[in-house]
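User: I am new to this structure and would like to learn how to read its features one at a time. Could you take me through them, giving the general idea before each case?

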Amino acid sequence: MDALEHAAEITLPDQRVAVLGDVHGNVGWIRMLARALPYLAPDVTTILQLGDWWMPPEEVDKALTETGITGIYVTGGNHEPWGEITPLMNKYPGEAVRVSKLVWLLPRPARLTIGGRSVLSLGGAASVDRESRIEGLTWWPDEAITDEHVADAIAGGPADLMLTHESPANTPVRPVREILRTNPYGFPKAALEASAASRARVSKVWDAVRPELLAHGHLHVGAGGQTADGRRVASLGREGHEWNLGILDLSNLQMATPSLAILRGLANDDDGSRRTREQRMNSVAESVHSGVLDGLKPTPDALRDARDYVDGVRALEELIDDVRRRHTRDPEEKP
């Protein structure tokens, strides 16, 4: 892995970007997204990736050749080749490093400006499965978020958007809290303690810089939630699962998460026969799923209206207003 370019400042004009969760080196998944993106979001040129990337950069470049993507900015996860990444990043302290035509690795922490928004990236996380891995081959202690990373992130001041791999400890995302509470995979006590300490460090930064939106991966859960003081958290799923990809509007920090069915439908629409209907489906998904990321849940009436729009019965303006204003409810509210 070589540095092709390095930069102390990253400033991008984008008004919409793609946010991508864990991909775990799955080039096939990137190829599928590359087929869908030109129809899903033709204006998007930047991908913000939330860790567990571990991808051959040249193959990613090749896969995205026919898209409008001009840059991928990676917030490191725990499952990364830190044995290569750390020595490379140490040559350029505090700077982003480009390792292929498209792929940039972000330092810990990193500050970016995108669409006029202040963005904080804080990579790293604790591997709860490290006992099944080999140190120096499939696991490195460098994955950890350190106290120095935390201090540097806080010193940079407030941010509008925070990108992490690790979840904050006091997350408002209910499915994430349930996983952390139940430990469904039976990870050992030492691993859970390391994970808790890692999440506490993320929370310390989150509470200090107070972003309107924090987006993370790591837990392989697609869901969202909102704190009592209005801060939102978006948890993105892993490759091949729901909510792995989001389209983020920088003007209002709202994220739409197209469904897996829509992504695959667009990617496999070779003759274009389904494209018009798929585009309507995508518009519906953007409205409904962005509401879910705010901690809301569509009602049966909203889903019926969505079907009317997909079938050409109702206009888009009517549908979006109804779904966002009238047809959402708190997940704990009974129908």
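Analyst: Let us begin with exposure, where a residue is called buried under 20% relative accessible area, exposed over 50%, and partly exposed in between. Please keep in mind throughout that this is a predicted model. Arg130, with a relative accessible area of 30%, is therefore partly exposed, and its place is in the loop between strand E9 (117-122) and helix H4 (147-155).

User: Which residues is Arg130 in contact with, leaving aside its neighbours within four places in sequence?

Analyst: With those neighbours left aside, Arg130 is in contact with Trp139, Ala190 and Ala194. Sequence distance and spatial distance can also be read side by side: Arg130 and Ala191 are 61 residues apart in sequence, while their C-alpha atoms are 7.6 Å apart in space.

User: How should I read a nonpolar core, and which residues have the most contacts inside the largest one?

Analyst: The general idea is that in soluble globular proteins nonpolar side chains tend to be buried together. Here the largest nonpolar core has 41 residues, and those with the most contacts inside it are Leu20, Ile30, Trp53, Leu64 and Ile72. Among the elements that give two or more residues to this core are strand E3 (16-20), helix H1 (27-40), helix H2 (57-63) and strand E5 (71-74), and H1 gives the most, with 9 residues. There is also a second, separate core of 25 residues, which includes Leu48, Ala110, Ile114 and Ala234.

User: What does Trp53 touch, not counting residues up to four places away in sequence?

Analyst: Not counting those residues, Trp53 touches a list that includes Leu20, Ile30 and Ile72, together with others such as His24, His79 and Glu80.

User: How can I tell whether a helix has a buried side, and which residues of H4 are buried?

Analyst: An α-helix has 3.6 residues a turn, so residues three or four places apart point the same way. In H4, the buried residues are His149, Val150 and Ala153. Seen down the axis of H4, its buried residues fall within an arc of 100 degrees, so they line one face of the helix. The face of H4 turned away from that buried side carries the exposed residues Asp147, Glu148 and Ala155. What covers the buried residues of H4 includes strand E8, E9 and helix H6 (189-209).

User: Where does Ser235 lie, and is Ser235 buried or exposed?

Analyst: Ser235 lies in strand E13 (residues 232-235), and because its relative accessibility is 0%, Ser235 counts as buried. The side chain of Ser235 reaches the backbone oxygen of Val221 at 2.6 Å. Val221 is also one of the residues that Ser235 touches, and that list includes His216 and Trp243 as well.

User: Finally, which backbone angles deserve attention?

Analyst: Two kinds of angle can be read here, omega and phi. The peptide bond from Arg108 to Pro109 is cis, with omega near -5 degrees, and Pro109 is placed in the loop between E7 and strand E8 (110-114). As for phi, His24 has a positive value of about 55 degrees although it is not a glycine; His24 belongs to the loop between E3 and H1. His218, likewise a residue other than glycine, has a positive phi near 75 degrees, and is found in the loop between strand E11 (213-216) and strand E12 (223-226). His24 is partly exposed, with a relative accessible area of 26%, whereas His218 is buried, with a relative accessible area of 14%.

Note on methods. Residues are numbered from 1 along each chain as its sequence is written. This is a predicted model: local features need pLDDT of at least 70, side-chain atom pairs count only at pLDDT 80 or more; totals for chains, interfaces and linings use all residues. Side-chain values use heavy atoms; hydrogens and water are left out. Helices (H or I, at least four residues) and strands (E, at least two) are DSSP runs, numbered from the N terminus. Buried means under 20% relative accessible area, exposed over 50%, partly exposed in between (1.4 Å probe, protein chains only). Contact means heavy atoms within 4.5 Å. A nonpolar core is a set of buried Ala, Val, Leu, Ile, Met, Phe, Trp, Tyr and Cys residues joined through side-chain atoms within 4.5 Å. A polar contact is a pair of N or O atoms within 3.5 Å; within protein, one must be able to donate a hydrogen and the other to accept it, and residues adjacent in sequence count only if both atoms are side-chain atoms. The arc is that of the directions from the helix axis to the C-beta atoms.
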